[in-house]
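I opened a new model today and kept notes as I went. The entries follow the order in which I looked things up.

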2 protein chains.
Amino acid sequence: MPRKTSAATGTRPASTGKPATINDIARLAGVSKKTVSRIINNSPLVRKDTREKVEALMREVGYTPDPLARGLAFRRSFLIGMVYDNPTAQYIVDMQYGALDALRDSGYELVVHPCDTRSPGYIDGVRRFVQQQKLHGVMLVPRASEDQNLADMLAELGVRYTRILPMGVDDQDARLVVTHDRDGAAEAADYLLTLGHRDIALITGPSAYRSAVERTAGFVEALASRGGSVPKARIIEAGYTFESGVAAAEKLLAGKKRPTAIFCGNDEMAAGVYKVAMRTGLSIPRDLSVIGFDDSPLASRLWPSLTSVRRHTRDTGRIAATMLIRAGNAPMPVASVRPHLVVRDSCQPPA
Amino acid sequence: MPRKTSAATGTRPASTGKPATINDIARLAGVSKKTVSRIINNSPLVRKDTREKVEALMREVGYTPDPLARGLAFRRSFLIGMVYDNPTAQYIVDMQYGALDALRDSGYELVVHPCDTRSPGYIDGVRRFVQQQKLHGVMLVPRASEDQNLADMLAELGVRYTRILPMGVDDQDARLVVTHDRDGAAEAADYLLTLGHRDIALITGPSAYRSAVERTAGFVEALASRGGSVPKARIIEAGYTFESGVAAAEKLLAGKKRPTAIFCGNDEMAAGVYKVAMRTGLSIPRDLSVIGFDDSPLASRLWPSLTSVRRHTRDTGRIAATMLIRAGNAPMPVASVRPHLVVRDSCQPPA
DNA sequence: CTGAAAGCGCTTACAG
DNA sequence: CTGAAAGCGCTTACAG
């Protein structure tokens, strides 16, 4: 049987199906495996021509180092964990896509780890995950990212992690991605004021969620800074769910003294407002203006399409993952992402 | 400084923070590391009392074998890859949750790998992913699962994989999970016939998707088996997207000879029908009955809530992952999941 | 700038 | 049923 030989050198054994190892490269290049290792790890202690020769060979052979072997020797895998406790599918998927954008061709892979922050043993579950897999880094996504105990556990383990948070927080061990939810809510407030609304109601997420607190504060403060205000009775705390949005809207729209606009902490609850308005015979936006938060696909599926605050989730995920795999412990301790309002058809000046 | 000693033996060194290794266990148990290895791998070649003694010790110490080291020795990691090319967030997330249900406490982890089946190099991308990570197994999710070339590549690599498919297919190398989309569509047809509809239209997904073909066939055949039929002009091929649903609905609802009911290949397109109906002043379900497919969250967010076919995606993911990690190449080559109709408020008898 | 030795924590192949 | 030796494909620590 004729052996296929490398067109370039003639010395490389026929492609046997078995991937090349560091030993193959070292032998073929006539250097020690340690030199190959230095090249793999971008050590400066390699002569330029040696490096170029070996790199060319690695490309020709299609060599990539075995992450399992590297991981064993490094005592650390090439896996990035994404830890989250969030029911919104689009948000999670966008975050994953973003992370994968950053990880593509980096040699790192993304391992997903949803958890339930309300269950007592969840921190231990994350610890086992991180420790056993010897993760290279962990992305903490809201609301899991808000749990200081989780972050403390990770810091104690000495594993690097990023926290994606609606606002700044004091954490020396973390790399932070701040999403500035306040700004998005403020923009919504400005928009409604500009349209002429004065009687505005809020349906907020649970006050145990920082995102809910931030969005509410951002909205109320922006209103106040322009002379507006929201009476307490016009603020209803709901649960970020469709059903809770329905319940809140029923309260707000029951009497004859209805608000002319409602700002919702997310799109799900805004959809709940739509449902109640439809049932009640109220026309959006003629009788009632509505704004959501998330700019989920739902926003454009509703009729009329929903004005909402876009969060740039994919960018957020990309930045968070990049901070984890970037070489060195260099700067970039805090990154920022800012939301912005996407205007659609759910608002108009009050009657 | 007082050393903490094991209450049980007094011989175990204080927990130093460093996880125990197979050598620690062997030494402490007074057996060879090979015996510990046999126990880890459930070999029958271990005396019962030896096994129990060692297992108790492992539990006490909190020992879990290092997947990196095992992977290196096995030449195979403990990672399951999920390969998909699907834009629907909820579907992907449900599939992931299902897979994670199966993987929980199994020692395996889930690595996600979205891809673009229309890009030319995507199969090579999956190959590199599978080969470099030495994946233990791969889950192929629609529509990537429909690509025979992808499956062939995996078979050639000798890696085990599951294909989740709308219908049966001939693939000796795969473990199959058949979702029987036909049955769900047939149930929708029966329901509309029972309500009294005779002039029914279809908005289908792209005919290049097996799911679209199956759903259409299932619907049309069920109609035919009860004496009904759908004229060609009443079947519009769309793209599974909201926008394409809008365009299709505009055609169907333009003239005065409107159908009394529309069956859509997914919920996204059904939302498009809603939009056009709203805009046109048609009332659902009074003037028009609508059925979707997916039973996505969108279905209950729309008003009136959408009758739709539920797919049991999480179960599907759980079964597919289970087939991958189940020991041995035992039976269970094909599993089945069946959809069913969830009746809500979007249908009623025709006027 | 380069390399030979030892080791990461497991398993395979072989011997008993 | 049990174990000593060699090896998986890399890196660290040390020497030159």
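**Notebook: a covered strand and a shared interface**

I started with strand β2 of chain A, residues 109-114, in this predicted model. The strand is mostly covered, with six of its six residues buried. I then checked the two faces. Glu109(A), Val111(A) and His113(A) lie on one side, Leu110(A), Val112(A) and Pro114(A) on the other, and all are buried.

Next I looked for the partner of β2(A). Strand β1 of chain A, residues 79-84, pairs with β2(A) in the parallel sense, over six bridges. Leu79(A) stands opposite Glu109(A). I followed the chain from β1(A) to β2(A): the path runs through helix α5 of chain A, residues 89-103. This β-α-β crossover is right-handed.

Then I turned to the two chains. How is chain A laid on chain B? I found that a turn of 180 degrees with a shift of 0.0 Å along the axis does it, at an RMSD of 0.0 Å. That is the relation of a two-fold axis. In chain A, Val111(A) has the C-alpha nearest the axis, 2.3 Å from it. I had already noted Val111(A) as a buried residue of β2(A). The same surface serves both copies, since 100% of the contact residues of chain A recur in chain B.

Last, I looked up the interface. I noted 42 residues of chain A in contact with 42 residues of chain B. The buried area is about 3900 Å², and carbon and sulfur atoms give 63% of it. On the chain A side, Leu68(A), Arg301(A) and Trp303(A) lose the most area, together 19% of what that side buries. The rule finds four salt bridges across the interface. I looked at Arg301(A) again: its side chain meets that of Glu268(B) in a salt bridge, 2.7 Å from N to O.

Definitions and conventions:
Residues are numbered from 1 along each chain as its sequence is written. Chains are lettered from A and ligands numbered from 1 in the order in which they are written. This is a predicted model: local features need pLDDT of at least 70, side-chain atom pairs count only at pLDDT 80 or more; totals for chains, interfaces and linings use all residues. Side-chain values use heavy atoms; hydrogens and water are left out. Copies are superposed by least squares on the C-alpha atoms of residues with pLDDT of at least 70 in both. Contact means heavy atoms within 4.5 Å. Buried means under 20% relative accessible area, exposed over 50%, partly exposed in between (1.4 Å probe, protein chains only). Helices (H or I, at least four residues) and strands (E, at least two) are DSSP runs, numbered from the N terminus. Two strands pair if DSSP finds at least two bridges between them. A crossover is right-handed if, with the strands pointing away from the viewer, the path from the first strand over the helix to the second runs clockwise. Buried area is the accessible area (1.4 Å probe) that two parts lose on being put together, summed over both.
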